[in-house]
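This briefing covers one protein chain.

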Amino acid sequence: TTQLVFDRITKRALEAFYKNNVIAPLERCISTGKEASVFVSTLLETGTPVAVKIYKTMMMTFKDRDEYIQGEYRFRHRERFTKTNPHKMIKVWAEKEFRNLKRLQTSRIRCPVPFALKENILVMEFIGGDKVNAPIFKEKLEGASTEEASRLYVKLLKLIRDMFIKAGIVHGDLSEYNVLYHNDHLYIIDVSQSMEINHPLALDFLRRDLCNVNLVFKRTGIKVFKLRSMYEFVTQQQMSKLELKERVYQMIDEVVDASEVDPDEFVFMNQNLFRNIGELDMETVEKILYLNKDTKSD
């Protein structure tokens, strides 16, 4: 295995892409991370540049993959096969990203368009111009003014809402490193761990994503929204454009200074989140009934 990426199975999959005239040989590596490396190539059918993401199979550097797959209805038949076979786990991981990108694309949410998938290799749209990849969100924020950072903050929050409401997906690992900035638009990337909103842990991961977003923007020095208000904004199903705008203005009135510590945030981050009463355990139900019982009739 070379560079923790090019093992025998990966090389065979690449050769199949070359043989079938899907892509040209890889040109250069544009990023490498804990789970994959991304290379630039050319889609032979159109002559346009593409990003080729190759998931690492040699070392399981991302050890908590299983919790993102367990409970996923789409992959319910594969759980018992992936736990003992690292390569099958990576293959499912690549397919998961491919399908999530397809869903985002169908929902008209900006992301790299997926073109092809084989084993642990994903071929997708290259975001950038003249084979110069678009900057990650972190780079855009570093030189942003307070006004620009505030604008991007609201823009990112609306993107999280669109993912939840339109695509029915929670990112699960959102940070300033997996959003691209190109032509004044935000593009969501690295959605291999993203899950459907009916996943048992989806709401917990959404809450963590929102907390990460606030931590990122607090470092820029701007005032941020309350986590509970952000959560309600993202998850509330029916809102017109006017209602969305009014909701944002309402959150602006409740902003928290970057240096302030809000005790309500700690409570919100540690409370159990439920979509319906069916998710409550019996002990919790009994406590709720006890607190709400009519003392007179008792």
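The points below are grouped by topic.

The model is predicted. The protein chain has an average pLDDT of 82, and 75% of the residues score at least 70.

**Confidence by element**
- Helix 3 (residues 79–82) has the lowest mean pLDDT among the elements of the protein chain, at 51.
- Strand 10 (residues 185–188) has the highest, at 96.

**Helix 6 and helix 7**
- Helix 6 (residues 146–167) packs with helix 7 (residues 202–218) at an angle of about 170 degrees, and their axes are 11 Å apart.
- Because angles over 145 degrees count as roughly antiparallel, helix 6 is roughly antiparallel to helix 7.
- On helix 6, the contact is made by A149, L152, Y153, L156, L157, I160 and F164.
- On helix 7, the contact is made by L203, L206, L210, V213, N214 and F217.
- The residues of this contact comprise 12 nonpolar, 1 polar and no charged.

**Strand 5 and its partners**
- Strand 5 (residues 121–125) is largely enclosed by the rest of the structure, because 4 of its 5 residues are buried.
- Strand 3 (residues 48–55) runs antiparallel to strand 5 and is joined to it by 5 bridges.
- V52 stands opposite V123 of strand 5.
- Strand 4 (residues 114–118) also runs antiparallel to strand 5, with 4 bridges joining the two.
- M124 in strand 5 is the bridge partner of P114.
- Strand 4 and strand 5 form a hairpin with 2 residues between the strands.
- In this hairpin, E119 takes a positive phi near 55 degrees.

Definitions and conventions: Residues are numbered from 1 along each chain as its sequence is written. This is a predicted model: local features need pLDDT of at least 70, side-chain atom pairs count only at pLDDT 80 or more; totals for chains, interfaces and linings use all residues. Side-chain values use heavy atoms; hydrogens and water are left out. pLDDT is the predictor's confidence in each residue, from 0 to 100. Axes are lines fitted to C-alpha atoms, for helices over the stretch in contact, and angles run from 0 to 180 degrees between N-to-C directions. Angles under 35 degrees count as roughly parallel, over 145 as roughly antiparallel, 65 to 115 as roughly perpendicular and the rest as oblique. Contact means heavy atoms within 4.5 Å. Ala, Val, Leu, Ile, Met, Phe, Trp, Tyr, Cys and Pro count as nonpolar, Asp, Glu, Lys and Arg as charged, and the others, Gly among them, as polar. Buried means under 20% relative accessible area, exposed over 50%, partly exposed in between (1.4 Å probe, protein chains only). Two strands pair if DSSP finds at least two bridges between them.
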